[in-house]
Amino acid sequence: MKKIGVICFAFVLGLALLATGCSEKKGGSLGEQLDYKITGIDPGAGLMKKTKEVMKSYGLDKWQLIEGSEAAMIASLKKAYDKKEPIVVTGWTPHWMFAKFDLKYLDDPKNVYGDAENINTVVRLGLKDDEPSAYTVLDQFAWTPKDMGEVMLMNEDGTDPAESAQKWLDNHQDKLQEWTKGAAKVNGNKIHLVYVAWASEIASTNVVAKALESIGYKVELTQVDAAPMWAGIADGSADAMVAAWLPSTHADYFNAYKGKFEDLGPNLTGTKLGLVVPSYVAANSIEDLQN
């Protein structure tokens with residue numbers, strides 16, 4: 001009996017020590033809990049380049065920026081959120097994830113990410129002469145983060161992006177009238193729009209495509225990375241995009257192709273970039289990741 005008692009005591013003691021070890025690991029710094037990994041998006045995104053600058057500026061030498069895609073980032077965020085586990089991701093506004101999850105940006109006291117950006121409409125040279133009606137719609141296209149958020153949420157809930165765009169326009173005929181004012185109807189003229197695979201740009205590109213279709217255009221949509229998106233406008237193989245994040249995110253492409261496109265200005269203002277965590281995470285500043 002004594003032998004059995006000793007074995008049981010040792011077993012219980014072992015469990016206690018194991019639990020203590022797990023507790024210590026769980027209770028370590030945020031970096032230790034995450035193996036010093038920040039979950040990012042596609043490597044060609046300007047947000048990723050800016051985040052690397054942020055990591056260098058704040059001395060986050062232990063941290064690693066994990067490349068992937070927006071979809072992979074969201075999947076990782078959801079998995080951690082459902083389990084109330086910590087996670088740090090690269091984020092931007094507008095995005096439906098802020099409506100879906102209780103999230104917060106980490107403060108950026110050094111302002112490395114910079115001030116709010118705009119999303120601009122950029123078209124190929126000569127579009128105004130070749131397709132004046134399309135040019136007019138694209139030039140007049142402008143909406144708010146709230147507008148975009150409504151479309152993104154419909155997409156996230158499983159509605160096809162083209163269907164979401166049409167539903168939104170059906171409920172916002174005033175916007176459609178503003179964008180198409182003065183644009184003569186056409187008969188099946190073709191317009192090629194390019195966009196990056198961000199939820200925001202999927203929403204905006206499909207909406208402007210439906211607006212163009214409403215005056216008779218046949219619109220081709222092509223999803224690409226940021227580099228070929230800008231290259232396509234510059235070499236004329238694509239007609240337009242409503243997905244140029246400026247002045248920072250797409251600064252390299254803007255400067256590389258300067259003079260080979262026409263910038264029609266912002267179609268949405270008030271964007272934001274940064275590191276994002278669930279609200280239950282104790283960290284409030286990028287500086288908190290230094291520990």
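Colleague: At what angle do helix H9 and helix H10 pack?

Modeller: This is a predicted model in which local features need pLDDT of at least 70, side-chain atom pairs count only at pLDDT 80 or more, and totals for chains, interfaces and linings use all residues. Residues are numbered from 1 along each chain as its sequence is written, and side-chain values use heavy atoms, with hydrogens and water left out. Helices are DSSP runs (H or I, at least four residues) numbered from the N terminus, and axes are lines fitted to C-alpha atoms over the stretch in contact, with angles from 0 to 180 degrees between N-to-C directions. For H9 (residues 161-170) and H10 (residues 173-180), the axes lie 6 Å apart and the angle is about 95°.

Colleague: Which residues of H10 make the contact with H9?

Modeller: Contact means heavy atoms within 4.5 Å. On the H9 side, Trp168, Leu169 and Asp170 take part, and they meet, on H10, Gln173, Lys175, Leu176 and Trp179.

Colleague: Is H8 oblique or roughly parallel to H9?

Modeller: H8 (residues 145-156) and H9 have axes 9 Å apart and pack at about 140°. Angles under 35 degrees count as roughly parallel, over 145 as roughly antiparallel, 65 to 115 as roughly perpendicular and the rest as oblique, so H8 is, relative to H9, oblique.

Colleague: Over which residues is the pLDDT below 50?

Modeller: The pLDDT, the predictor's confidence in each residue from 0 to 100, averages 90 over the chain, and 91% of the residues score at least 70. The stretch with pLDDT below 50 has 1 contact in the model beyond near neighbours in sequence, and it covers residues 1-25.

Terms used: Helices (H or I, at least four residues) and strands (E, at least two) are DSSP runs, numbered from the N terminus.
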